[in-house]
Amino acid sequence: GGYCAGSNAFAAPCPGGSYSNAVGLTSADGCLPCVAGSACLAGSVAPTVCASGSVAPELGAAACQQCEAGSYQASCGATACANCTIGSWCAEGSSAPTPCGSGNFSTQPNLRSADECLRCSEGSWCSAGKAIPCGLGTYNDQMGADDQSACTYCPPNSFTDGESKTSLAECICDAGYFSQWSNGSLACDTCPVGANCSAGSAL
């Protein structure tokens, strides 16, 4: 961890960013540069591997650098941080992405804080940072849903023409039935004798 030059009474430590695992060095030139992915304090006898969440990109680092917010590193001894994944956020020094919280999601990588996650929109529910559309025959008119049960089934004998529907008004009565609204509720009733009820008919 040091060297002895001239008639010094004590060994001088190898400078920060270098180390020595040998005896008898006579100058700092004999100290070895710290390897990438590790750091060496002054007087080090061996490199210290960077912990997860930190890196040393080049030779000769005296200290490991924490990953910037929006990035992370799960491994020890790394030389570069990885982009924070979609659906998650990464604070400074993160060793793993943190999923957006309940009822939230993201569509972009490199989020730096939970505040950058988006509120789950109508027509979907959100889990583990991902937005999942309400399926065929269902709708959701509320933001921030975090469970599939938020997707409400259309009334019997009705359907939707796609996913991610946001209101009861997007439920369509089947052919042979007609829509009847009462106090904000929809019912699909059997078509009267002699009437022609195509899908979505109203009488």
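Mentor: Let's go from the overall build to one pair of strands. Keep in mind that this is a predicted model.

Trainee: What secondary structure does the protein have, in helices and strands?
Mentor: There are 22 strands and 0 helices.

Trainee: And what does the C-alpha trace span along its principal axes?
Mentor: About 115 × 25 × 20 Å. The radius of gyration is 32 Å.

Trainee: How much of the protein counts as buried?
Mentor: 35% of the 203 residues. The exposed surface comes to about 11100 Å². Carbon and sulfur atoms supply 52% of that area.

Trainee: What about contacts between residues 24 or more positions apart?
Mentor: They make up 32% of the contacts with a separation of 6 or more.

Trainee: Switching topic. How many positive and negative charges are there?
Mentor: 4 positive and 15 negative. Their mean positions lie 1 Å apart.

Trainee: Now the strands. How do β21 and β22 run, parallel or antiparallel?
Mentor: Antiparallel, with 6 bridges joining them. β21 covers residues 177–182, and β22 covers residues 185–190.

Trainee: Which residue in β22 is the bridge partner of Tyr177?
Mentor: Thr190.

Trainee: How many residues sit between β21 and β22?
Mentor: 2, and the two strands form a hairpin. Look at Asn183 in the turn: its phi is positive, about 50°.

Trainee: Where do side chains point in a regular strand?
Mentor: They alternate between the two faces of the sheet.

Notes:
Residues numbered from 1 in each chain as written. Predicted model: local features only at pLDDT ≥ 70, side-chain atom pairs only at ≥ 80, totals over all residues. Heavy atoms only, no water. Pairing = 2+ DSSP bridges. Helix = DSSP H or I, 4+ residues; strand = E, 2+ residues; numbered from the N terminus. Rg over C-alpha atoms; globule rule 2.2 N^0.38 Å. Buried < 20%, exposed > 50% of the residue type's maximum accessible area, 1.4 Å probe, protein only. Contact = heavy atoms within 4.5 Å. Areas by Shrake-Rupley, 256 points an atom, 1.4 Å probe, with all protein chains shown as cover. Lys, Arg positive; Asp, Glu negative; His and termini not counted. Charge placed at Lys NZ, Arg CZ, Asp CG, Glu CD.
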